[in-house]
Amino acid sequence: MPQTRIWDIPTRLFHWLLVACIVAQYVTAEWLDDAMQLHFQIGYFTLGLIIFRVLWGIVGTHYARFSSFVRSPAAVIGYAKTLTDKNSPAYAGHNPLGGYAVLLLLLMVALQAVSGLFMTDDVFLDGPYRHLVSDTTLEVMNWLHHNVFNLLIAVIALHVVAIGYYARYKQQPLVPAMLHGKKPVSSPGIPSSRLLLAIVVALITAGLVYYALFVAPPAPAADELFY
């Protein structure tokens with residue numbers, strides 16, 4: 001099979017930046033002392049990554065679009081029946097089951113990032129929306145932030161196992177394609193990475209994140225500052 005360009009540069013960059021952010025979030029929360037400010041900042045950047053990926057999933061290149069890999073439940077069931085078939089053909093983009101795994105990962109990271117907007121380090125730092133909601137909502141957000149991350153780690157571990165399974169058993173290495181963007185498939189490739197469009201989407205994303213963090217939430221009342 002010829003090496004065909006499937007994954008554009010923005011999608012690949014998003015993937016590895018998200019990996020770095022998740023690792024950094026764990027390290028700053030669990031291993032390092034006095035790193036909560038960095039933890040908050042990385043969380044805001046992660047929120048931007050998720051917003052970018054959602055927008056890119058709508059307007060990006062063919063295989064990055066949700067419409068190319070979010071398929072019907074029947075298609076997922078049909079594909080699941082081929083999981084033990086060593087000679088099943090490789091998909092150019094995400095396979096039907098992997099497409100839903102992508103959605104699940106995006107949803108869980110989004111829950112982490114959004115719930116982080118309501119967190120506090122109980123000393124100096126508060127999320128920008130913490131003072132706007134009730135104690136009940138804060139309890140829900142706190143539960144989500146700590147428990148969804150544990151589920152996220154489990155899903156990531158399953159993802160890594162699946163990558164190993166595809167590489168060793170099915171002889172379909174997935175990691176190299178996410179590095180150089182090419183896969184040995186007969187499907188048509190993408191003509192370009194549409195970098196100019198990606199820059200526009202990134203600027204829109206930056207504007208949305210800035211508005212959400214620094215413009216939309218009103219400042220806490222004076223009595224809340226000294227609570």
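**Figure 1. Packing of helix α4 against helix α5.** Helix α4 (residues 73-80) and α5 pack with their axes 7 Å apart, at an angle of about 120°. From α4, the contact is made by Pro73, Ala75, Val76 and Tyr79, and from α5 by Pro96, Leu97 and Tyr100. By class, this contact of α4 with α5 has 7 nonpolar residues, with no polar and no charged ones. The view, like those that follow, is taken from a predicted model.

**Figure 2. Crossing of helices α2 and α5.** The axes of helix α2 (residues 36-59) and helix α5 (residues 96-116) cross at roughly 135° and come within 9 Å. The two helices, α2 and α5, are therefore oblique to each other, since an angle has to be over 145 degrees to count as roughly antiparallel. The crossing of α2 and α5 is left-handed. On the α2 side, the contact is made by Phe40, Gly43, Thr46, Leu47, Ile50 and Arg53. Leu106, Val109, Ala110, Ala113, Val114 and Gly116 form the α5 side. The residues of this contact of α2 with α5 comprise 8 nonpolar, 3 polar and 1 charged.

**Figure 3. The largest nonpolar core.** This core has 30 residues, of which Leu18, Phe118 and Leu152 touch the most other members. At least two residues of the core are supplied by each of α1 (9-31), α2, α3 (66-69), α5, α6 and α8 (195-215). Helix α6 gives the most to the core, with 7 residues. In soluble globular proteins, nonpolar side chains tend to be buried together.

Figure 4. When residues up to four places away in sequence are not counted, Leu152 touches Ile22, Leu105, Met108 and Val109.

**Figure 5. Thr137 in helix α6.** Thr137 lies in helix α6 (residues 135-168). With a relative accessible area of 28%, Thr137 is partly exposed, because this value falls between the limits of under 20% for buried and over 50% for exposed. Thr137 and Val70 are 67 residues apart along the chain, and their C-alpha atoms are separated by 32 Å.

Note on methods:
Residues numbered from 1 in each chain as written. Predicted model: local features only at pLDDT ≥ 70, side-chain atom pairs only at ≥ 80, totals over all residues. Heavy atoms only, no water. Axes fitted to C-alpha atoms, helices over the stretch in contact; angles between N-to-C directions. Helix = DSSP H or I, 4+ residues; strand = E, 2+ residues; numbered from the N terminus. Parallel < 35°, antiparallel > 145°, perpendicular 65-115°, else oblique. Left-handed = near helix turned anticlockwise from the far one by under 90°. Contact = heavy atoms within 4.5 Å. Nonpolar A, V, L, I, M, F, W, Y, C, P; charged D, E, K, R; others polar. Buried < 20%, exposed > 50% of the residue type's maximum accessible area, 1.4 Å probe, protein only. Core = buried A, V, L, I, M, F, W, Y, C linked by side-chain atoms within 4.5 Å.
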